[in-house]
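This briefing is intended to be read beside the sequence and the three-dimensional model. Please keep both in view while working through the points.

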Amino acid sequence: MIDNNFICGTLEGFYGRPWQTDQRLQLFQWMKEWDGMNTYMYAPKDDLFHRSKWRELYPDLLFSELRDLIKSCNSSNLNFIYAIAPGLDIAYSSDSDWENLKNKIKQVEQAGCKQFAILFDDIPSKLSSQDELVFSSFAHAHAEITNKLYTQFPESKLLFCPTVYCGQMADYDVRGNQYLNELGENLNSNIGFFWTGPEVVSKNISVESIQELRRVIKRKPILWDNLHANDYDIRQIFLGPYLGRPLELKNELSGILSNPNCQFWANYTPLKTLGMYNSAIDQWDPSQSFLDSSKEWIQYFGNNEITDAEIQLLGDCFYAPGRMGEYGYQIVKSIQWILNHPPEEWDGHLTTFKSFEKLLNSLCTKLMATTNRDLLYDFYLPLWELREETEYVSKWIEWKQSGIGEFVSPELVPRRQGILYDIQKIVHGE
Ligand code: GDL
(Lines give C-alpha, C1' and ligand atoms only; values in the text may rest on other atoms or scores of the structure.)
Protein backbone atom coordinates (compact mmCIF):
# COMPACT_ATOMS: atom_id res chain seq x y z
CA MET A 1 0.00 0.00 0.00
CA ILE A 2 1.28 3.46 -0.83
CA ASP A 3 1.35 5.78 2.16
CA ASN A 4 -0.75 8.78 1.11
CA ASN A 5 0.91 10.97 3.70
CA PHE A 6 4.26 10.40 2.05
CA ILE A 7 4.99 13.50 -0.04
CA CYS A 8 6.15 12.52 -3.50
CA GLY A 9 6.45 14.58 -6.63
CA THR A 10 8.17 17.32 -8.55
CA LEU A 11 10.03 20.32 -7.27
CA GLU A 12 10.61 23.11 -9.74
CA GLY A 13 13.56 24.41 -7.80
CA PHE A 14 16.42 24.87 -10.24
CA TYR A 15 18.35 27.92 -11.45
CA GLY A 16 17.59 29.04 -14.98
CA ARG A 17 14.49 29.72 -17.02
CA PRO A 18 11.39 28.57 -15.14
CA TRP A 19 9.03 26.20 -16.96
CA GLN A 20 6.19 27.62 -19.06
CA THR A 21 2.56 27.40 -17.99
CA ASP A 22 1.68 24.81 -20.65
CA GLN A 23 4.60 22.65 -19.50
CA ARG A 24 3.45 22.78 -15.90
CA LEU A 25 -0.07 21.82 -16.99
CA GLN A 26 1.38 18.89 -18.92
CA LEU A 27 3.27 17.88 -15.79
CA PHE A 28 0.07 17.93 -13.70
CA GLN A 29 -1.62 15.80 -16.33
CA TRP A 30 1.22 13.26 -16.15
CA MET A 31 1.35 13.19 -12.37
CA LYS A 32 -2.41 12.76 -12.18
CA GLU A 33 -2.19 9.68 -14.40
CA TRP A 34 0.88 8.15 -12.76
CA ASP A 35 0.92 6.14 -9.57
CA GLY A 36 2.79 7.41 -6.58
CA MET A 37 2.93 11.15 -7.30
CA ASN A 38 0.93 13.62 -5.24
CA THR A 39 2.80 16.94 -5.00
CA TYR A 40 4.23 19.81 -7.01
CA MET A 41 6.39 22.43 -5.33
CA TYR A 42 6.81 25.83 -6.92
CA ALA A 43 10.30 27.16 -6.19
CA PRO A 44 11.96 28.34 -9.43
CA LYS A 45 15.08 30.19 -8.32
CA ASP A 46 14.61 32.67 -11.15
CA ASP A 47 11.02 33.65 -10.53
CA LEU A 48 11.84 37.19 -9.41
CA PHE A 49 9.10 37.19 -6.80
CA HIS A 50 10.18 33.90 -5.27
CA ARG A 51 13.72 34.97 -4.37
CA SER A 52 15.36 38.21 -5.55
CA LYS A 53 12.23 40.33 -5.01
CA TRP A 54 10.58 38.12 -2.41
CA ARG A 55 9.27 41.16 -0.54
CA GLU A 56 7.16 42.33 -3.47
CA LEU A 57 3.66 41.05 -4.06
CA TYR A 58 2.92 39.42 -7.42
CA PRO A 59 1.60 41.99 -9.89
CA ASP A 60 -1.96 41.35 -11.18
CA LEU A 61 -1.11 39.36 -14.28
CA LEU A 62 1.39 37.05 -12.56
CA PHE A 63 -0.94 36.68 -9.60
CA SER A 64 -3.76 35.45 -11.81
CA GLU A 65 -1.36 33.03 -13.56
CA LEU A 66 -0.30 31.67 -10.20
CA ARG A 67 -3.92 31.35 -9.09
CA ASP A 68 -4.79 29.40 -12.25
CA LEU A 69 -1.80 27.15 -11.73
CA ILE A 70 -2.78 26.35 -8.16
CA LYS A 71 -6.32 25.64 -9.31
CA SER A 72 -5.18 23.26 -12.06
CA CYS A 73 -2.83 21.50 -9.69
CA ASN A 74 -5.52 21.00 -7.07
CA SER A 75 -8.08 19.88 -9.62
CA SER A 76 -5.61 17.17 -10.67
CA ASN A 77 -5.70 16.00 -7.04
CA LEU A 78 -2.17 17.18 -6.43
CA ASN A 79 -0.87 19.25 -3.54
CA PHE A 80 0.60 22.60 -4.51
CA ILE A 81 3.38 23.93 -2.30
CA TYR A 82 4.47 27.53 -2.77
CA ALA A 83 8.04 28.19 -1.67
CA ILE A 84 9.54 31.54 -0.78
CA ALA A 85 13.29 32.16 -0.54
CA PRO A 86 13.94 35.35 1.43
CA GLY A 87 17.42 34.40 2.63
CA LEU A 88 19.52 36.51 0.26
CA ASP A 89 18.79 39.72 2.10
CA ILE A 90 16.17 39.28 4.81
CA ALA A 91 16.78 41.08 8.07
CA TYR A 92 15.62 38.38 10.49
CA SER A 93 15.05 40.83 13.33
CA SER A 94 13.23 43.46 11.32
CA ASP A 95 9.51 43.98 11.92
CA SER A 96 9.02 45.32 8.44
CA ASP A 97 10.60 42.24 6.85
CA TRP A 98 8.35 40.05 8.98
CA GLU A 99 5.37 42.05 7.65
CA ASN A 100 6.67 41.61 4.09
CA LEU A 101 6.97 37.87 4.54
CA LYS A 102 3.54 37.56 6.11
CA ASN A 103 1.89 39.67 3.42
CA LYS A 104 3.48 37.68 0.63
CA ILE A 105 2.28 34.39 2.08
CA LYS A 106 -1.18 35.90 2.61
CA GLN A 107 -1.27 36.92 -1.04
CA VAL A 108 -0.41 33.41 -2.24
CA GLU A 109 -2.92 32.01 0.26
CA GLN A 110 -5.55 34.16 -1.44
CA ALA A 111 -4.60 32.48 -4.70
CA GLY A 112 -5.79 29.21 -3.12
CA CYS A 113 -2.52 27.83 -1.77
CA LYS A 114 -2.55 25.93 1.51
CA GLN A 115 0.98 24.60 1.75
CA PHE A 116 4.16 26.61 1.97
CA ALA A 117 7.91 26.25 2.19
CA ILE A 118 10.55 28.69 3.36
CA LEU A 119 13.96 28.17 1.81
CA PHE A 120 17.36 29.23 3.14
CA ASP A 121 19.57 27.39 0.65
CA ASP A 122 22.47 29.09 -1.14
CA ILE A 123 22.54 32.27 0.93
CA PRO A 124 25.19 34.22 2.86
CA SER A 125 25.56 32.21 6.06
CA LYS A 126 26.40 34.98 8.48
CA LEU A 127 24.06 37.15 10.48
CA SER A 128 24.18 40.91 10.02
CA SER A 129 25.41 42.92 13.00
CA GLN A 130 21.83 44.09 13.58
CA ASP A 131 20.58 40.48 13.69
CA GLU A 132 23.47 39.40 15.91
CA LEU A 133 22.09 41.65 18.62
CA VAL A 134 18.85 39.67 18.64
CA PHE A 135 19.81 36.09 17.71
CA SER A 136 22.46 33.90 19.27
CA SER A 137 23.08 32.04 16.00
CA PHE A 138 22.03 31.57 12.40
CA ALA A 139 19.99 28.50 13.40
CA HIS A 140 18.28 30.56 16.11
CA ALA A 141 17.20 33.15 13.50
CA HIS A 142 15.99 30.44 11.11
CA ALA A 143 14.08 28.50 13.74
CA GLU A 144 12.47 31.62 15.14
CA ILE A 145 11.20 33.10 11.88
CA THR A 146 10.02 29.72 10.58
CA ASN A 147 8.22 28.86 13.83
CA LYS A 148 6.58 32.28 13.78
CA LEU A 149 5.37 31.66 10.24
CA TYR A 150 4.03 28.29 11.27
CA THR A 151 2.07 29.86 14.14
CA GLN A 152 0.82 32.68 11.93
CA PHE A 153 -0.68 30.27 9.40
CA PRO A 154 -1.99 27.44 11.60
CA GLU A 155 -4.16 25.93 8.86
CA SER A 156 -1.22 25.50 6.49
CA LYS A 157 1.50 22.91 6.15
CA LEU A 158 5.02 24.34 6.32
CA LEU A 159 8.34 22.99 5.05
CA PHE A 160 11.81 24.39 5.66
CA CYS A 161 15.06 24.19 3.72
CA PRO A 162 18.14 24.76 5.89
CA THR A 163 21.36 26.45 4.78
CA VAL A 164 23.27 23.27 5.59
CA TYR A 165 21.23 20.89 3.46
CA CYS A 166 23.58 17.98 2.81
CA GLY A 167 26.32 15.98 4.52
CA GLN A 168 29.05 17.73 2.55
CA MET A 169 27.92 21.13 3.84
CA ALA A 170 28.16 19.77 7.37
CA ASP A 171 31.76 18.68 6.60
CA TYR A 172 30.40 15.10 6.66
CA ASP A 173 29.84 15.41 10.39
CA VAL A 174 26.09 15.69 10.66
CA ARG A 175 26.06 14.59 14.29
CA GLY A 176 28.53 17.29 15.27
CA ASN A 177 27.00 20.10 13.23
CA GLN A 178 25.89 22.88 15.53
CA TYR A 179 23.48 24.51 13.08
CA LEU A 180 21.61 21.25 12.45
CA ASN A 181 21.56 20.32 16.14
CA GLU A 182 20.12 23.67 17.11
CA LEU A 183 17.43 23.37 14.45
CA GLY A 184 16.62 19.89 15.70
CA GLU A 185 16.08 21.34 19.15
CA ASN A 186 14.25 24.51 18.23
CA LEU A 187 12.38 24.11 14.96
CA ASN A 188 8.77 23.11 15.61
CA SER A 189 8.64 19.36 15.02
CA ASN A 190 5.59 19.68 12.72
CA ILE A 191 7.64 21.62 10.20
CA GLY A 192 9.06 19.57 7.32
CA PHE A 193 12.85 19.56 6.84
CA PHE A 194 14.57 19.33 3.44
CA TRP A 195 17.81 17.42 2.84
CA THR A 196 19.60 16.56 -0.42
CA GLY A 197 21.59 13.57 0.89
CA PRO A 198 25.36 13.25 1.42
CA GLU A 199 26.01 15.71 -1.42
CA VAL A 200 24.14 18.48 -3.23
CA VAL A 201 23.74 15.98 -6.07
CA SER A 202 23.79 12.61 -4.32
CA LYS A 203 24.54 9.65 -6.56
CA ASN A 204 23.66 7.26 -3.76
CA ILE A 205 21.86 7.78 -0.47
CA SER A 206 22.21 5.22 2.30
CA VAL A 207 19.59 4.38 4.89
CA GLU A 208 22.19 4.87 7.64
CA SER A 209 22.99 8.42 6.55
CA ILE A 210 19.35 9.42 6.90
CA GLN A 211 18.96 7.58 10.21
CA GLU A 212 21.87 9.60 11.53
CA LEU A 213 20.30 12.84 10.30
CA ARG A 214 16.93 11.93 11.81
CA ARG A 215 18.49 11.68 15.25
CA VAL A 216 19.90 15.19 14.88
CA ILE A 217 16.93 16.99 13.37
CA LYS A 218 14.38 14.96 15.35
CA ARG A 219 12.06 14.19 12.46
CA LYS A 220 12.02 12.38 9.15
CA PRO A 221 13.45 14.66 6.45
CA ILE A 222 11.97 15.26 3.02
CA LEU A 223 14.42 14.48 0.28
CA TRP A 224 15.07 17.42 -2.05
CA ASP A 225 16.45 15.16 -4.71
CA ASN A 226 18.87 16.75 -7.18
CA LEU A 227 19.67 13.43 -8.89
CA HIS A 228 18.38 14.61 -12.27
CA ALA A 229 19.08 18.33 -11.84
CA ASN A 230 21.36 19.75 -14.52
CA ASP A 231 21.36 23.47 -13.83
CA TYR A 232 24.98 23.25 -12.65
CA ASP A 233 26.22 22.02 -16.05
CA ILE A 234 24.26 23.04 -19.12
CA ARG A 235 26.06 20.48 -21.32
CA GLN A 236 24.52 17.59 -19.46
CA ILE A 237 21.02 16.18 -19.39
CA PHE A 238 19.75 13.22 -17.37
CA LEU A 239 17.08 10.99 -18.82
CA GLY A 240 17.62 7.86 -16.76
CA PRO A 241 15.45 6.33 -14.05
CA TYR A 242 15.27 7.03 -10.35
CA LEU A 243 18.23 5.15 -8.88
CA GLY A 244 20.83 4.95 -6.14
CA ARG A 245 18.24 4.93 -3.38
CA PRO A 246 17.29 1.60 -1.73
CA LEU A 247 13.56 1.04 -1.23
CA GLU A 248 14.09 0.95 2.57
CA LEU A 249 15.06 4.62 2.41
CA LYS A 250 11.38 5.52 2.19
CA ASN A 251 10.92 4.36 5.79
CA GLU A 252 13.32 7.04 6.97
CA LEU A 253 11.81 9.89 4.99
CA SER A 254 8.57 11.83 5.07
CA GLY A 255 8.76 12.52 1.36
CA ILE A 256 10.77 12.82 -1.86
CA LEU A 257 10.59 15.74 -4.25
CA SER A 258 12.67 15.57 -7.40
CA ASN A 259 14.27 18.78 -8.66
CA PRO A 260 14.94 17.62 -12.22
CA ASN A 261 16.39 18.86 -15.53
CA CYS A 262 15.76 22.48 -16.52
CA GLN A 263 14.64 21.12 -19.90
CA PHE A 264 11.05 20.17 -19.24
CA TRP A 265 10.74 17.44 -21.88
CA ALA A 266 13.74 15.59 -20.51
CA ASN A 267 11.87 14.78 -17.33
CA TYR A 268 9.27 12.22 -18.32
CA THR A 269 11.27 9.15 -17.35
CA PRO A 270 13.04 10.61 -14.30
CA LEU A 271 9.71 11.66 -12.79
CA LYS A 272 7.59 8.73 -13.91
CA THR A 273 10.13 6.30 -12.41
CA LEU A 274 10.13 8.25 -9.12
CA GLY A 275 6.40 7.54 -8.92
CA MET A 276 7.11 3.89 -9.72
CA TYR A 277 9.77 3.78 -6.99
CA ASN A 278 7.29 5.23 -4.52
CA SER A 279 4.70 2.61 -5.48
CA ALA A 280 7.18 -0.29 -5.38
CA ILE A 281 6.89 -2.52 -2.34
CA ASP A 282 9.69 -5.03 -2.17
CA GLN A 283 11.60 -4.82 -5.43
CA TRP A 284 13.10 -1.98 -7.36
CA ASP A 285 14.76 -2.44 -10.72
CA PRO A 286 15.74 0.97 -12.15
CA SER A 287 16.77 -0.32 -15.61
CA GLN A 288 13.49 -2.17 -16.06
CA SER A 289 11.53 0.87 -14.93
CA PHE A 290 13.44 2.92 -17.47
CA LEU A 291 12.53 0.51 -20.28
CA ASP A 292 8.87 0.41 -19.23
CA SER A 293 8.44 4.15 -18.92
CA SER A 294 10.36 5.01 -22.09
CA LYS A 295 7.80 3.00 -24.09
CA GLU A 296 5.20 5.55 -22.96
CA TRP A 297 7.51 8.53 -23.29
CA ILE A 298 7.85 7.90 -27.02
CA GLN A 299 4.34 9.27 -27.72
CA TYR A 300 5.54 12.79 -26.82
CA PHE A 301 8.32 12.77 -29.41
CA GLY A 302 6.06 14.20 -32.10
CA ASN A 303 7.22 11.76 -34.77
CA ASN A 304 5.77 8.28 -34.84
CA GLU A 305 8.71 6.95 -36.81
CA ILE A 306 10.96 7.16 -33.75
CA THR A 307 11.65 3.67 -32.41
CA ASP A 308 12.04 2.17 -28.93
CA ALA A 309 15.69 1.45 -29.74
CA GLU A 310 16.33 5.12 -30.53
CA ILE A 311 14.72 6.27 -27.29
CA GLN A 312 16.74 3.75 -25.33
CA LEU A 313 19.90 4.95 -26.99
CA LEU A 314 19.06 8.49 -25.93
CA GLY A 315 18.47 7.39 -22.34
CA ASP A 316 21.56 5.19 -22.18
CA CYS A 317 23.80 8.02 -23.42
CA PHE A 318 22.35 10.62 -21.04
CA TYR A 319 21.48 8.58 -17.99
CA ALA A 320 22.42 9.96 -14.58
CA PRO A 321 25.30 11.95 -13.02
CA GLY A 322 28.49 9.93 -13.48
CA ARG A 323 26.56 6.98 -14.93
CA MET A 324 25.56 5.81 -18.38
CA GLY A 325 23.09 3.13 -19.37
CA GLU A 326 24.50 -0.20 -20.52
CA TYR A 327 24.64 0.76 -24.18
CA GLY A 328 26.49 3.98 -23.33
CA TYR A 329 29.27 1.99 -21.63
CA GLN A 330 29.55 -0.36 -24.62
CA ILE A 331 29.92 2.56 -27.01
CA VAL A 332 32.62 4.24 -24.95
CA LYS A 333 34.47 0.93 -24.55
CA SER A 334 34.38 0.29 -28.29
CA ILE A 335 35.66 3.77 -29.15
CA GLN A 336 38.46 3.36 -26.64
CA TRP A 337 39.39 0.00 -28.13
CA ILE A 338 39.33 1.29 -31.69
CA LEU A 339 41.56 4.27 -30.89
CA ASN A 340 44.12 2.10 -29.13
CA HIS A 341 44.33 -0.97 -31.38
CA PRO A 342 45.17 -1.61 -35.03
CA PRO A 343 42.20 -2.02 -37.44
CA GLU A 344 42.64 -5.79 -37.72
CA GLU A 345 41.78 -6.09 -34.01
CA TRP A 346 38.64 -3.93 -34.13
CA ASP A 347 36.14 -6.71 -34.90
CA GLY A 348 32.94 -6.42 -32.84
CA HIS A 349 33.94 -2.98 -31.56
CA LEU A 350 33.70 -1.55 -35.05
CA THR A 351 30.26 -3.11 -35.48
CA THR A 352 29.13 -1.62 -32.14
CA PHE A 353 30.36 1.80 -33.14
CA LYS A 354 28.87 1.68 -36.63
CA SER A 355 25.44 0.60 -35.43
CA PHE A 356 25.52 3.27 -32.73
CA GLU A 357 26.41 5.91 -35.32
CA LYS A 358 23.59 4.79 -37.57
CA LEU A 359 21.02 4.80 -34.76
CA LEU A 360 22.15 8.19 -33.51
CA ASN A 361 21.95 9.73 -36.97
CA SER A 362 18.50 8.34 -37.62
CA LEU A 363 17.30 9.59 -34.22
CA CYS A 364 18.66 13.07 -34.95
CA THR A 365 17.05 13.17 -38.38
CA LYS A 366 13.68 12.14 -36.97
CA LEU A 367 13.96 14.62 -34.11
CA MET A 368 14.64 17.42 -36.57
CA ALA A 369 11.25 16.64 -38.09
CA THR A 370 9.35 16.41 -34.81
CA THR A 371 6.18 18.42 -34.35
CA ASN A 372 7.12 18.87 -30.68
CA ARG A 373 9.67 21.61 -31.35
CA ASP A 374 10.13 22.34 -27.63
CA LEU A 375 11.27 18.78 -27.08
CA LEU A 376 13.76 19.10 -29.93
CA TYR A 377 15.25 22.29 -28.49
CA ASP A 378 15.48 20.66 -25.08
CA PHE A 379 17.78 17.98 -26.50
CA TYR A 380 19.63 20.11 -29.02
CA LEU A 381 22.86 20.91 -27.21
CA PRO A 382 23.83 17.49 -25.81
CA LEU A 383 22.67 15.62 -28.90
CA TRP A 384 24.43 17.96 -31.27
CA GLU A 385 27.69 17.60 -29.37
CA LEU A 386 27.40 13.83 -29.26
CA ARG A 387 26.77 13.72 -32.96
CA GLU A 388 29.77 15.93 -33.74
CA GLU A 389 32.06 13.80 -31.63
CA THR A 390 30.73 10.66 -33.25
CA GLU A 391 31.36 12.08 -36.69
CA TYR A 392 34.89 12.91 -35.68
CA VAL A 393 35.55 9.31 -34.59
CA SER A 394 33.96 8.04 -37.78
CA LYS A 395 36.29 10.15 -39.95
CA TRP A 396 39.25 9.00 -37.91
CA ILE A 397 38.24 5.37 -38.49
CA GLU A 398 37.97 5.99 -42.24
CA TRP A 399 41.42 7.57 -42.28
CA LYS A 400 42.95 4.76 -40.23
CA GLN A 401 41.44 2.12 -42.46
CA SER A 402 42.66 3.90 -45.59
CA GLY A 403 46.22 3.91 -44.22
CA ILE A 404 46.93 7.12 -46.18
CA GLY A 405 48.74 10.24 -44.96
CA GLU A 406 48.05 12.33 -41.89
CA PHE A 407 44.68 12.61 -40.15
CA VAL A 408 42.96 15.89 -41.00
CA SER A 409 40.24 16.97 -38.58
CA PRO A 410 36.85 17.17 -40.29
CA GLU A 411 35.73 20.10 -38.16
CA LEU A 412 34.38 22.94 -40.25
CA VAL A 413 33.73 25.36 -37.41
CA PRO A 414 35.88 26.04 -34.36
CA ARG A 415 34.53 24.56 -31.15
CA ARG A 416 35.28 24.75 -27.46
CA GLN A 417 37.08 28.00 -27.45
CA GLY A 418 36.69 31.17 -25.49
CA ILE A 419 37.31 32.42 -22.00
CA LEU A 420 35.80 29.44 -20.19
CA TYR A 421 38.02 26.94 -21.97
CA ASP A 422 41.08 29.13 -21.55
CA ILE A 423 40.49 29.33 -17.80
CA GLN A 424 39.79 25.62 -17.57
CA LYS A 425 43.03 24.86 -19.42
CA ILE A 426 44.99 26.96 -16.93
CA VAL A 427 43.22 25.55 -13.88
CA HIS A 428 42.77 21.90 -14.84
CA GLY A 429 45.36 21.46 -17.61
CA GLU A 430 44.67 20.31 -21.17
C1 GDL B 1 21.30 23.54 -5.13
C2 GDL B 1 20.02 24.31 -5.03
C3 GDL B 1 19.06 23.96 -6.15
C4 GDL B 1 19.80 23.60 -7.43
C5 GDL B 1 20.64 22.38 -7.12
C6 GDL B 1 21.40 21.78 -8.29
C7 GDL B 1 19.19 22.88 -3.18
C8 GDL B 1 18.55 22.83 -1.84
N9 GDL B 1 19.39 24.11 -3.71
O10 GDL B 1 22.15 23.69 -4.30
O11 GDL B 1 18.22 25.06 -6.34
O12 GDL B 1 18.91 23.32 -8.47
O13 GDL B 1 21.60 22.74 -6.16
O14 GDL B 1 22.29 22.68 -8.87
O15 GDL B 1 19.52 21.86 -3.74
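Two residues are said to be in contact when heavy atoms of theirs lie within 4.5 Å. By that criterion, and leaving aside its neighbours within four places in sequence, Gln263 is in contact with Trp19, Asn230, Ile237 and Asp378. The model is a predicted one.

- Gln263 is found in the loop between strand S8 (255-258) and H8.
- Is Gln263 buried or exposed? Its relative accessibility is 17%, and because buried means under 20%, Gln263 counts as buried.

**Lys45 and its partner Asp121**

- Lys45 is located in the loop between S2 and H2, and its relative accessible area of 4% makes it buried.
- Not counting residues up to four places away in sequence, Lys45 touches Gly13, Phe14, Tyr15, His50, Arg51, Asp121, Asp122 and Trp224.
- One of these residues, Asp121, forms a salt bridge with Lys45, in which the closest N and O atoms are 2.7 Å apart.
- Why does this pair tie together separate parts of the chain? Lys45 lies in the loop between strand S2 (39-42) and helix H2 (60-75), whereas Asp121 lies in the loop between strand S4 (115-119) and helix H4 (129-132), so the bridge joins parts that are 76 residues apart in sequence.
- Asp121 is also buried, with a relative accessible area of 5%.
- Between the C-alpha atoms of Lys45 and Leu78 there is a separation of 22 Å, the two residues being 33 residues apart along the chain.

**Other salt bridges**

- Side chains of opposite charge can pair when their charged atoms come close.
- How many salt bridges does the structure hold? There are 15.
- Asp97 and Arg55 meet through their side chains in a salt bridge, with a distance of 2.7 Å from N to O.
- This pair links distant parts of the chain, since Asp97 is in helix H3 (residues 95-110) and Arg55 is in the loop between S2 and H2, 42 residues apart.
- The two partners can be described by their accessibility: Asp97, at 5% relative accessibility, counts as buried, while Arg55, at 29%, counts as partly exposed.
- Arg55 and Asp97 also belong to a network of salt bridges in which Asp89 is linked with them.
- A further salt bridge brings together the side chains of Lys425 and Asp422, at 4.0 Å from N to O.
- Lys425 and Asp422 are three residues apart in helix H14 (residues 419-428), so about one helical turn separates them.
- Lys425 is partly exposed, with a relative accessible area of 41%, and Asp422, at 43% relative accessibility, also counts as partly exposed.

**The pair of helices H8 and H9**

- The axes of helix H8 (residues 268-279) and helix H9 (residues 286-297) come within 9 Å of each other and cross at roughly 125 degrees.
- Because of this angle, H8 is oblique to H9.
- Which handedness does the crossing of H8 and H9 have? The crossing is right-handed.
- On the side of H8, the contact is made by Tyr268, Thr269, Lys272, Thr273 and Met276.
- On the side of H9, the contributing residues are Ser289, Phe290, Asp292, Ser293, Ser294, Glu296 and Trp297.
- Sorted by class, the contact of H8 with H9 has four nonpolar, five polar and three charged residues.

**Residues with positive phi**

- Asn77 has a positive phi of about 65 degrees, although it is not a glycine.
- The position of Asn77 is in the loop between H2 and strand S3 (79-84), and at 69% relative accessibility Asn77 counts as exposed.
- Lys218, likewise a residue other than glycine, has a positive phi near 60 degrees.
- Lys218 has its place in the loop between helix H7 (207-217) and strand S7 (222-225).
- At 46% relative accessibility, Lys218 counts as partly exposed.

Methods: Residues numbered from 1 in each chain as written. Predicted model: local features only at pLDDT ≥ 70, side-chain atom pairs only at ≥ 80, totals over all residues. Heavy atoms only, no water. Axes fitted to C-alpha atoms, helices over the stretch in contact; angles between N-to-C directions. Helix = DSSP H or I, 4+ residues; strand = E, 2+ residues; numbered from the N terminus. Parallel < 35°, antiparallel > 145°, perpendicular 65-115°, else oblique. Left-handed = near helix turned anticlockwise from the far one by under 90°. Nonpolar A, V, L, I, M, F, W, Y, C, P; charged D, E, K, R; others polar. Buried < 20%, exposed > 50% of the residue type's maximum accessible area, 1.4 Å probe, protein only.
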